Structures are given as C-alpha cells and as structure tokens.
Amino acid sequence: MNSITFRAVGAAALLAPAAQTFADAGAGGYAHASSAFNPAISVILDGVYASYSNDPEDYNIPGFMLGGEAGLSPEGFSLGHSELIFSSDIDDKFYGRLTVAFAEHDDEIEVELEEAFFETLALGGGFTIRGGRFYSGIGYLNQQHPHAWDFKDAPLVYSALFGDQYFDDGVRASVILPTDLLIEVGAEALSGKKYPTGGEHQGVGSWTAFANIGGDIGVSHSWQAGLSYLSADGIEREHGGHAHGGEEAEFPLFTGDSRIAGANLIYKWAPDGNYRERNVKLQFEYFNRDESGEVTLVNAATPENSTLESKQDGWYLQAVWQFARSWATGVRYDRLDSDNSGSDPNVLDEAGLVSNGHQPERASIMAEWVPSEFSRIRLQYNRDDSYQVSDDQVYLQYTFSMGSHGAHAF
Amino acid sequence: MILRTTLLCLSFLLPGVQVQAAINVFTCEPEWAALAKELGGELLDVYSATTALQDPHHIQARPSLIARARKADLLVCTGAELETGWLPLLLRKAGNAGIQPGQSGHFLAAEQVELLDVPERLDRSMGDIHASGNPHVHTDPRNILQIAGPLHQRLKQIDPDNAEHYTRRFEAFAGDWQRAIDRWYAQLAPVKGAAVVVHHDFWSYLIDWLGLNRVATLEPVPGVSPSSAHLARVKQSLDLQAVTMIIDTGYMNDRPANWLSDQTGIALVTLPATADFQNGESLYDWFDNLAALLLEPVK
C-alpha cells in the first residue's frame, strides 16, 4: 500500500518532468500560426451614467474610515475603470501579465499599475509561484477585475475594508493537491505598502493565507468554498480616499495592526452544464476585521489622536440569473457592522469611526444585455443605506472588451 | 525533502487520493475521450471536461476541471482556439508541468489535420471566429483516423512500457474505422450533394466529407444568435423545394432552426454534437447515429 501510494504521488508530484521541448506538430502536423509570439492585448472600455438622490460627495459609511477606491462615481457621465492588459506565456516556464488602469479623479487622469506579475508554469506537483504586483488571493471577488464583476460597484464590505480591492507587491506560493475535489492552499508575502495596509516596512509588511475547495455535483452544479486570512502589523494608513483636497485638509491616519479573516461560498447551476444558454450563480462572502492601534487626525488645528480597538465585519449575498443567451439579471444585499472604541471618542467621531448604532446596508438589482462575450450594457439600481440618509442610486454602465479573448474564470 | 514528506503524509490523510497505476488522460471534448479509450483501453483513466450537451467554447475553468488537469499525464484538446476562453487559464492554474503547451503531455487534435473555413480577415464584427480555421474537425470520420495516428504515438511516448499495447490497439482501430468509414459513406449515398441549411458552422467537415451543399447558415456571424429579421431574410433567400434539411447541433438553442422548419416545412435534423462518452457511447455509435439521422429526411 505504502509503496503504491508513493508511486502515485511520486509520479505526479515529485518527478516533475524535465522541461523538454516537444516537436508538437510532428510528422504530418499542421502548425496553425497565429499571433503566438505577441503578447495578447485586451482593452477594456468602461463608462457609466450615474444618478443619485443624495449628494455623492456626502458619501460615508459610519464606523468605517474609507480609502483606496471606495466612494461613488461622479454624478452624470463618467469613465469607469478603463484598462489595458498585456499577457503572454514568456517561455515554457513563465507566464506574465501587466494591467494598467486609467481612472479620472478630480479632473486628473490617474494611471495605475494594478498588475505586473510573472507566474510559473513548469514547477509541477501542483505548485505555482507568482511574483510582482497582483491582486491578493484573499476572498473570491478580490482577484476579479472590475469589468468581470456582476454589479457596477464593489460589495460594501470590499469598499469598506479593502478600498474596493487589495493588490500589493510580493510573492505568492500555492499548491493544488492531487485529488478529484479541488483543494488549493496558498500564502502570500507582500510589501504591506498598499491600501488597506500601508507604511514603510523592512521586508514583508503583510501576510495572507487562503484555502479553496470545490467541485461538481452531477453535471449541472458546481461549487467552491474558500477561507482566507490577512495579517499586517505596523500599518500606517491614510484615509479619505481621493478627496484629499488642498494641502491643509484634515484626514485620519491609522497606525497599528490589522487582521482580516474571510469566508466565501460560490454555487453555480447551468442545465446540463451548458453555461452558454442559461445559468444561475449564487455568491456569498463574509469578512471580519480586527484592528488595534492609534488614530491621528493629521493637519488638525491641534494634534489630536486616540487609541483604537476596532472590530468590523460585513457580508453580501448575491444571485445572478442568466435567463437567455444575451440577458441576465441579478440581486445583491450588503450588510456591515462595526464596534470601535478608543481613548478619545471625539477623535473617533471625527475620523468617522462612530456608527451611533447605524448598521450600513444596501440592496441592489441589475439587468444586463450581453450581446456577445465582448460587450455588455447594464442597468443597476441601489437602495443605499450606507449612512443615515437613504440614497437611491441608478447606474447605466457599458463595458466593452477589445482584443484578445478574456478568460472564463469560475 | 520536507515538502515531499509533507505531501506524502497529506496523501494518506486526504480522501480522493486514488492509488492507481493508470495513465490519467484529460480531454477537453468527449470525442477525444472516446478516441483515447479506443487507443488505450483499460490502461487509461479518461476524463472529459465537457459533455455532448455543452458548448465547448463556453466552459469555465471551474474547480473540478482544475483538480482533474492537475492530475493529468496527457491532455488531449481540439485546439484551433476552440478552448481559448478556458484552457489557457486551466493550464496556468493546474500547476502541472507535463501538460503545458510544447510538452509531450499536451496534444491538440486540430494540429493533425488541415482546417477548413480559415478566415481571410480577422475582425470581431465577423463574430466569434477562429483565426486558424474551423475547430470542429471531429465531424469528418477521416479526420478521426488521421488524428488517431499521432495520438497513439503520443500515448507510447507517455507510457513507453506499454508501447506494444498501444500499437496493437491502434492497428486494430485503424482497420475497423476505415471499414466503418466506407460503410457510412455507402449508406449515406442518398444524401450526397443534398442542399442543407445549418444553424452554426459546426458541421463543415461532415459537409465536406459527404459533399453536401450548404446553402445558408442561420447565425449571421459565428456565435451570434440570429434575430427574427435575419431568419426572415434567410427564409426568403431559400429555394424551398431544393433544400433537403436544416441541420442543428445538439447543445445549441433550437428555436431558430425550429422556427424555420415550422415556417417552411423543411425537415429539421438535430445532430448530437459528439459522442456521449460519459454514458458509454463510442465514436462508432455516434457516427451510426449521425448516419441514421441524416437519412431520415430522404427516406
């Protein structure tokens, strides 16, 4: 028994075959030349018309200091998240991708390098190493580009805890175990310089770990469940998102330690497993964040600070039904909760950390027309109770993808 | 070494780690699973990522596929960009060095035959076209034989200890299959040269083999569903008396083809896209079935 097991594992995991270029076309083969030597290039065009019953500048989430990309699109017409993506196998051992995002904030075009990473192809044994800048593997939605989201905006828990999404520079190692059920475990060592971490770190500033398990139930059902964890110490994190305003503007600075734990469950149904015609997708994610440290109001008239013990959590549940080849509709419910305390309640209040019992929530409904894999027009309505005054939000969004074919991720 | 020991320990603890000596073959489509089974028999543990009822363009790199690709010794797919939306992602996620492009464990069927419908111009306004040509090569039985040769060579390379077994099975298959091709061709003589309307250009190789005359395609461009206006135009353009049948594909939306058949009285023939491998259907069974279905309108 032992020796057979060793052989099975040995063949698959231990003796990663030496990389050896195989003359694939071989005798009588037809090599189908395409643009294989050029990187695949995709351009994402994204834009939105937004309408709000409240002033979008008033947006806040009591109990949460916002930052990163969190916040509402400007009222009226605006460009969303336009992206330029280059990707390619580098050689037989590495794959690489570069993603540049263009966004406009306060009449200035910001160019952001969201991804610039390499990934191994030939380690074998189920192992993959990724290095560079990439979206962290925590959560389910975090790794998806905004144009792949099923709603125009990120779930509230992603906006509140991650500033929509967490990407950072570092290295990831992950392994897929040799089982019929997918079992994937991975860990990341990151610089800890990007929101919602931050500050200067010698070496690794942020650690994450994640595990995913998933499989099929019959032909028509598939599922995935995941757990993830992030740990970052010595954070120096500025809040206030992009609304920095003038030099003198006051903003809260968090210094301290952060722990985030998350769980997610994804379930998909497609009759006969044929996603093209019809499918249903259910998606649930929960995150919980524990932070302790200090909050300082930078640029305040007199230096003000407070200790902070913060417990925050949130979840969302969404269902998307593609009921015809080109049409889908979906609903989503978001919920957040927080319990923050510190030595100076006035400082916490000014930093936006006092919820006064308000529990932020949001309900969304959307319908989209997807004439091909490369185009989508979406109408979305949110009843947003992020803060005490309910906001009716309507979005009309287009997303177009040009160039190379995108990947159908689960 | 610690890693190896850890993996070994894990393999005892985890359910589903199967102890087996068989060669794991991961195929993207059922036809290659059926072909691999013909060539390898009991020595192969064959898994197909799709069924005959799924559109192989539109598969997601879902967890079960990643797990299966992780364990594969040989990957057999169509290529010609048929799986471009999910196979590259699957290969990247699987962490399996042996089945990456260029390795002996990576076999693409479309690279073994000459492709039809190669576009002269590439433009997305022309729909979901494939730069290298029509990928549905398995619908011509002569292609199956042409692919079986290099595939059995590849099996011998992956599993040299059993080379003789693969040679023996390939030689037997090649003889049987050639006789079957001759039989089907003779059987299908009544539809030779018939004018047909197709929903999607799925059957180009079958049409080429039988010398059928494709007079219209219901999809305005590949992968785009026909609008009612487009269908009405197709209907107008047809010489109704001359068209023998409308050919639809099993996994596609059958409404456009049904509508045209209802409106015109032209026989509708829905052909299963490929062998129902998961339920034990062989390639012989599938072509027998195709032949019977194609003969129905001319009975």
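## Helix packing in chain B

Axes are lines fitted to C-alpha atoms, for helices over the stretch in contact, and angles run from 0 to 180 degrees between N-to-C directions. In this predicted model, the axes of helix H3 (residues 63-71) and helix H4 (residues 87-94) of chain B come within 9 Å of each other and cross at roughly 60 degrees. The crossing of H3(B) with H4(B) is right-handed.

On the side of H3(B), the contact is made by Leu65(B), Ile66(B), Ala69(B) and Arg70(B). H4(B) contributes Leu90(B), Lys93(B) and Ala94(B). By class, five of these residues are nonpolar and two are charged, with no polar residue taking part.

## Salt bridges and the link between chains

Over all chains, the whole structure contains 29 salt bridges. A salt bridge is formed by Glu119(A) and Arg92(B), whose closest N and O atoms are 3.6 Å apart. This pair crosses between chains: Glu119(A) belongs to strand S5 (residues 108-120) of chain A, and Arg92(B) belongs to helix H4 of chain B.

## Nonpolar surface patch on chain A

A nonpolar surface patch of about 760 Å² is made by Tyr49(A), Phe77(A), Val331(A), Ile365(A), Leu379(A), Tyr381(A), Val394(A) and Leu396(A). Strand S16 (375-385) and strand S17 (391-403) of chain A each supply at least two residues of the patch. Tyr381(A), one of the patch residues, is located in strand S16 of chain A.

## Backbone geometry

Most residues other than glycine have a negative phi, and most peptide bonds are trans.

Pro196(A) lies in the loop that runs between strand S8 (182-190) and strand S9 (206-217) of chain A.

Glu81(B) is placed in the loop between strand S3 (74-77) and H4 of chain B.

Methods: Residues are numbered from 1 along each chain as its sequence is written. Chains are lettered from A and ligands numbered from 1 in the order in which they are written. This is a predicted model: local features need pLDDT of at least 70, side-chain atom pairs count only at pLDDT 80 or more; totals for chains, interfaces and linings use all residues. Side-chain values use heavy atoms; hydrogens and water are left out. Helices (H or I, at least four residues) and strands (E, at least two) are DSSP runs, numbered from the N terminus. A crossing is left-handed if the near helix is turned anticlockwise from the far one by less than a right angle, and right-handed if clockwise. Contact means heavy atoms within 4.5 Å. Ala, Val, Leu, Ile, Met, Phe, Trp, Tyr, Cys and Pro count as nonpolar, Asp, Glu, Lys and Arg as charged, and the others, Gly among them, as polar. Patches are made of residues with over 30% relative accessible area and no salt bridge: like charges are joined within 9 Å, nonpolar side chains (Val, Leu, Ile, Met, Phe, Trp, Tyr) within 5 Å. Accessible areas come from the Shrake-Rupley method with a 1.4 Å probe; for residues, only the protein chains shown count as cover. A salt bridge is a side-chain nitrogen of Lys or Arg within 4 Å of a carboxyl oxygen of Asp or Glu.
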